[in-house]
Amino acid sequence: MMNTTTPTTTSIKGGEWLIKESNAFDTYTPEDFNEEQQMVKEMCLQFLATEVIPAIDRIDKMEEGLMPALMVKAGEQGLLGASIPEELGGLGKDFITSTLVNEGLGGGYSFSVAVAAHTGIGTLPILYFGTEEQKQKYIPKLASGEWKGAYGLTEPNSGSDALGAKTTATLSADGKHYLLNGQKCWITNGGFADVYTVFAKIDGDKFSSFIVERGMEGFTQGPEEHKMGIKGSSTVQLYFQDCKVPVENLLGEVGKGHIIAFNILNIGRLKLCAAALGGAKSSLAVNVEYAKTREQFKTAIANFGAIKYKLAEMAIRIFVGESALYRTSKWVDDKEAELQAAGKPFNEALLGAAEEFAVECAILKVQGSEVLDYVVDEGVQVHGGNGFSDEYLISRAYRDSRINRIYEGTNEINRLLTVDMILKRAMKGKLDLMGPAMAVSKELMSIPDFGSEDEGTFAKEIKGIKNMKKCILMVAGAAVQKLMMKIQDEQEILMNIADMAIETFEAESTLLRVMKMADKQGEAASAVQIDIMRTYLTDANDRVNKAGKEAINAFASGDEQRMMLLGLKRFTKMEPFNTKDARRRIADRLIADGKYPW
Ligand SMILES: Cc1cc2nc3c(=O)[nH]c(=O)nc-3n(C[C@H](O)[C@H](O)[C@H](O)COP(=O)(O)OP(=O)(O)OC[C@H]3O[C@@H](n4cnc5c(N)ncnc54)[C@H](O)[C@@H]3O)c2cc1C
């Protein structure tokens with residue numbers, strides 16, 4: 001048995017998993033949730049079941065006042081202020097608990113979007129960057145749901161390139177107001193919010209942030225957008241025409257708006273992953289239920305191997321996603337505590353923690369949104385023609401899911417950021433990539449070690465992960481060396497490296513979770529989870545190989561190319577595993593339980 005004391009993860013730094021061998025002590029998993037955390041999650045699921053799902057058609061038809069009223073109800077139950085300090089009207093819970101709220105409410109379709117925007121981008125800028133007066137004025141009302149929050153960053157000509165915003169702010173002659181002029185678009189909750197964090201450039205060049213209230217002179221909203229999905233979520237344009245914002249509503253410092261915008265996004269990305277996985281779990285339950293009851297050829301379609309494959313794959317991806325999500329959430333929690341212990345106030349501590357793990361937040365955003373897309377897309381397929389009918393929940397889930405790959409930074413931007421941030425950490429000396437990358441180069445030149453037999457139940461998988469990391473170091477190291485600064489123009493290669501990093505982080509998180517689980521409850525009791533882990537690792541290993549090959553073929557040639565391709569082959573060599581049988585066992589467990597059981 002391993003020593004199963006509380007894991008100490010405080011010393012872990014962002015991106016370090018890439019160069020360090022992790023062990024199961026380093027991870028935190030859904031099996032570690034305490035009673036209170038489980039209760040909070042149950043409360044959220046109960047809220048959706050009783051208040052939201054029965055009203056889902058009315059929500060999507062945007063029944064006047066319904067969404068704000070539901071948000072007030074959620075606020076009454078404390079669901080809008082889980083991590084807001086008690087003195088500001090919240091519950092003062094830790095980061096993991098607030099992440100659990102996002103997951104728990106994630107299956108609420110448009111309602112989830114409204115709540116996530118309100119509690120995330122709608123509340124956090126003021127909570128983390130507001131002055132004491134601003135916090136006292138706005139946060140208690142946002143925590144209770146009396147006021148609803150929104151966030152205006154995007155403009156018609158600046159989306160991914162957020163700093164290219166054209167909205168301006170000019171100090172009035174009497175020095176009492178900033179006059180905002182410009183337009184924002186795609187603003188979630190914009191139609192009913194009371195408080196907006198709006199970004200504008202002071203004197204046309206100092207990107208800054210302002211708290212704008214509904215009703216301020218010169219501030220109007222456009223009509224609701226007609227969207228592909230999340231139809232019940234309010235999305236409007238905002239217009240500012242000499243909008244008078246009192247100077248005391250400047251949020252943060254002049255010219256430092258980018259710090260607010262980017263830091264809020266780090267946390268938002270992790271939370272989006274949580275909500276997406278919550279949505280994926282509820283859609284998986286819908287899919288399993290349908291597969292069990294729908295009969296064709298005189299048998300339930302759940303009995304067909306092709307359907308079992310899909311159901312099992314949905315569960316695998318969710319399991320993998322949550323393994324990475326809660327591993328990272330614990331790191332953020334621990335780092336926050338460490339910074340607070342060092343004297344930082346809570347807002348600076350959480351921001352510092354989220355910044356430390358910005359790479360992982362970007363990875364989670366990509367993975368979470370793509371897991372949800374897989375679950376709803378194949379869910380429609382499991383439903384056949386009915387999946388195409390508005391009468392079935394899966395059709396709504398399919399439409400609602402798609403936006404997750406677009407907002408909080410598109411998945412392309414987050415993939416690019418993943419690599420960019422890893423390289424920047426290395427350049428700043430925060431992450432020693434050079435040493436490990438050179439060790440891999442040296443290993444490539446040496447004769448492979450055929451002799452040593454792997455020992456222990458998970459020895460082969462541990463080695464597999466180690467080798468996946470070597471693939472990343474080999475490809476990224478060689479690409480940087482060869483292309484230098486020009487690598488920024490080779491986005492296809494950056495995407496390949498990002499995919500390798502995402503696969504490896506997710507696979508390692510899953511392995512650690514399963515090792516911890518097997519240690520605690522025994523291998524027999526963890527058999528299905530071991531199947532999940534081995535299936536994912538087998539596939540992830542192939543995907544790392546493919547992405548690596550694509551990258552190498554794009555920038556290397558001659559002997560260097562041949563040597564790296566051989567290295568890639570060596571590092572992605574894995575023991576064959578019967579994933580077909582494993583998926584059947586996983587699917588059988590889902591079918592027996594009727595939902596995602598872990
Ligand atoms: C329903 C909905 C709700 C939203 N809610 C909010 C909100 O509350 N507040 C808010 O401020 N914004 C919100 N947004 C805006 C959202 O954040 C942006 O749509 C998103 O950031 C993408 O910007 P864009 O639409 O301008 O696309 P673009 O930036 O034009 O991107 C178009 C395509 O080009 C790619 N691309 C762009 N730049 C690069 C690059 N450098 N390299 C490679 N590929 C690139 C993108 O990945 C994408 O595939 C919302 C959007 C929608 C649709």
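Which residues do ring pairs link into a cluster? In this predicted model, the cluster consists of Trp17, Trp331, Phe357 and Phe505. The legends below begin with this cluster.

**View 1. The aromatic cluster of Trp17, Trp331, Phe357 and Phe505.** Ring pairs join these four side chains, and the structure as a whole holds 17 aromatic pairs. Trp331 and Phe505 form a tilted pair, with 6.0 Å from centre to centre and 45 degrees between the planes. This pair connects distant parts of the chain, since Trp331 belongs to helix α9 (residues 305–341) and Phe505 to helix α16 (residues 491–521), 174 residues apart. Trp331 counts as buried because its relative accessibility is 2%; Phe505, at 0%, also counts as buried.

**View 2. The aromatic pair of Tyr596 and Trp598.** The ring centres lie 5.5 Å apart and the planes meet at 85 degrees, so the pair is edge-to-face. Both Tyr596 and Trp598 are buried.

**View 3. Charged side-chain ends over aromatic rings.** The charged end of Arg513 sits over the ring of Phe319, 3.7 Å from the ring centre. The charged end of Lys141 is placed over the ring of Trp147, at 4.9 Å from its centre.

**View 4. Helix α15 (residues 459–483) and the residue that follows.** At 1.5 Å a residue, the 25 residues of helix α15 should span 36 Å. The end C-alpha atoms of α15 are 36 Å apart, and the two values therefore agree. Just after α15, Met484 adopts a positive phi of about 50 degrees.

Terms used:
Residues are numbered from 1 along each chain as its sequence is written. This is a predicted model: local features need pLDDT of at least 70, side-chain atom pairs count only at pLDDT 80 or more; totals for chains, interfaces and linings use all residues. Side-chain values use heavy atoms; hydrogens and water are left out. Helices (H or I, at least four residues) and strands (E, at least two) are DSSP runs, numbered from the N terminus. The expected span of a helix is 1.5 Å times one less than its number of residues. Rings of Phe, Tyr and Trp (its six-membered ring) pair if their centres lie within 6.5 Å; planes under 30 degrees apart count as stacked, over 60 as edge-to-face and the rest as tilted. Buried means under 20% relative accessible area, exposed over 50%, partly exposed in between (1.4 Å probe, protein chains only). A charge sits over a ring if NZ of Lys or CZ of Arg is within 6 Å of the ring centre and within 35 degrees of the ring normal.
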